[in-house]
Amino acid sequence: MKSKIIGLVAASLLWTSGAAVAQEHWTEGPVWECSAYQVNPGMFDTYINWIRAHSEPINAEAKKQGLIVDFKSFIKTRDNESDYDVLFCTLYSSFGKALDYNKGDDDKFDAISAAHWKTADDDKQTEMSAPRLEMRKYLGTTYHREVMLRPAK
């Protein structure tokens with residue numbers, strides 16, 4: 001039992017000292033949530049038009065209401081068959097804002113979606129947004145902390 005406690009104390013000291021050293025190099029900033037996709041062959045223009053018509057207006061309203069800080073879209077050529085060619089990123093003020101459930105924020109997002117789709121019915125919204133699923137393959141979502149590097153000494 002004593003060796004477990006000593007091990008836990010040692011591990012926590014290593015972890016906190018690593019965080020303290022990292023803070024010497026930068027100041028923490030906001031958090032990017034980035035979702036990667038492969039657009040199906042021959043569907044790129046159709047997919048981007050769908051995004052422009054539906055996702056972009058919803059994101060713009062979310063930004064206007066302060067639910068997100070910013071949003072960006074990236075495209076690139078694939079390096080291999082498993083690589084993405086479209087990346088959509090949303091900027092949040094913190095990991096908590098990006099990852100933690102907030103009923104008030106969720107209700108605001110629901111209202112934005114209802115206004116965009118002209119219905120509050122979740123099933124109808126899902127049905128209307130379903131065509132995008134046939135145009136691309138979802139590869140995953142990652143979270144990235146933006147940091148502001150401090151000047152070298």
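Student: In which loop does Thr 119 lie?

Tutor: This is a predicted model, in which local features need pLDDT of at least 70, side-chain atom pairs count only at pLDDT 80 or more, and totals for chains, interfaces and linings use all residues. Residues are numbered from 1 along each chain as its sequence is written, and side-chain values use heavy atoms, with hydrogens and water left out. Helices (H or I, at least four residues) and strands (E, at least two) are DSSP runs numbered from the N terminus. Thr 119 lies in the loop between H4 and H5.

Student: Is Thr 119 buried or exposed?

Tutor: Buried means under 20% relative accessible area, exposed over 50%, and partly exposed in between (1.4 Å probe, protein chains only). The relative accessible area of Thr 119 is 16%, so this residue is buried.

Student: Where does H2 bend?

Tutor: Helix H2 covers residues 44-64. The bend at a residue is the angle between axes fitted to the seven residues ending there and the seven starting there. For H2 this angle is about 35 degrees, at Arg 52.

Student: Which residues of H2 are buried?

Tutor: Their cover includes strands S1 (26-39), S3 (86-92) and S4 (136-149), together with helices H4 (103-117) and H5 (122-129). The buried residues of H2 are Tyr 47, Trp 50, Ile 51, Ile 58 and Ala 62.

Student: Which residue just after H2 takes a positive phi?

Tutor: Helix H2 has 21 residues. Just after this helix, a phi of about 80 degrees is found at Gly 66.

Notes. Expected span 1.5 Å × (residues − 1). Contact = heavy atoms within 4.5 Å.
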